[in-house]
Amino acid sequence: MPHSASESRDWYDTPLYYDIIFDADTEKEADFLEMMMVRHGQVKKTRSGPLRILEPACGSGRLVAALAKRGHQVSGFDLNENMLDYSRERLNGTDLDVKLWQDRLEDFRVPGRKRFDLAHCLVSTFKYVREEEGAQSHLQRVADSLYQGGLYVLGVHLTDYADASPQHESWEGKRDGIRVTCNTHTDPPNRRARTEDLRTELRITRERRTWTQETKWQFRTYNAAQMKKLLATAPQFELVACHDFLYEVDEERKLDDSYSDIVLVLRKR
């Protein structure tokens, strides 16, 4: 029988297991990002060659690597040094065109003042920015880092303040004999404080041993109206399309509260 144990450990400090549970959508997300540039990007090309892509909060580097393997020039940053180490390790021995550094969403600086055709931040990572000023600053810095006509593709889980029930999501990933099951629990939101508390349990089975890791954190909340209000503070961007987390390029949505997982396609004016 495998041994079972439990520990409190930030899932960002164990990048391999984090990578396993999110990896299933990597190629679909990469396809979607490329198609958004084809359909909505209006960068005036003064040069030939691949796209220049920025990923704020690049995590384990799964999309960094996937897009670089497609020939693009990719830059990314993350706050967690363990994630960056994992990203660098997966790139070791390759000649992929990638630049990584440690930084924060609220006040990042691009080395060398480089500009990009496309930036993206998916799976609600943006909601870690818990102050309105920080969210506004992030959008301003992304806009400043893009060429005119470039895109910022931003994925956010919207909050239904009328729903007072706890939310639960579960999914599983496998790789090289390792099985990781993720259970994420979200408490009812605090509308006044604009926060929601989350708890994620990773159940990991590896080499006949099973254990769990629990992470607790807090997100800033947005409904559709609050997201529109935030976007209004960034007039450099125009909203050119909305999708959901299924990443179906031919299925556009509206920015409203009829669904929760929204992908905003913002173009720099």
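Biologist: Where is D197 found?
Modeller: D197 lies in strand β9, residues 195-206. Helices (H or I, at least four residues) and strands (E, at least two) are DSSP runs, numbered from the N terminus. This is a predicted model: local features need pLDDT of at least 70, side-chain atom pairs count only at pLDDT 80 or more, and totals for chains, interfaces and linings use all residues. Residues are numbered from 1 along each chain as its sequence is written, and side-chain values use heavy atoms, with hydrogens and water left out.

Biologist: Why does D197 count as partly exposed?
Modeller: Buried means under 20% relative accessible area, exposed over 50%, partly exposed in between (1.4 Å probe, protein chains only). D197 has 36% relative accessibility, so it counts as partly exposed.

Biologist: Which residues is D197 in contact with, beyond its neighbours within four places in sequence?
Modeller: Contact means heavy atoms within 4.5 Å. By that test D197 touches H185, T186, D187, W217 and Q218. The C-alpha atoms of D197 and K216 are 7.5 Å apart, though 19 residues separate the two along the chain.

Biologist: How do you know how many disulfides the structure holds?
Modeller: A disulfide is a pair of cysteine sulfur atoms within 2.5 Å. The count is 0. For C58, the nearest cysteine sulfur belongs to C121, 10 Å away. For C242, the nearest is again that of C121, at 16 Å.

Biologist: What makes C58 buried?
Modeller: The relative accessible area of C58 is 4%, so C58 is called buried. C242 is buried too, with 4%.

Biologist: Which residues of α2 are buried?
Modeller: They are T26, E29, A30, F32, L33, M36, M37 and H40. Their arc around the axis is only 160 degrees, so they sit on the same side of α2. The arc is that of the directions from the helix axis to the C-beta atoms. These buried residues pack against several elements, including α1 (15-22), α3 (62-69) and β5 (116-121).

Biologist: Why is the protein called as compact as a globular protein of its length?
Modeller: The radius of gyration is taken over C-alpha atoms; the globule rule is 2.2 Å times the number of residues to the power 0.38. The protein has 6 helices and 12 strands. Its radius of gyration is 19 Å, close to the 18 Å that the rule gives for 269 residues, so it is as compact as a globular protein of that length.
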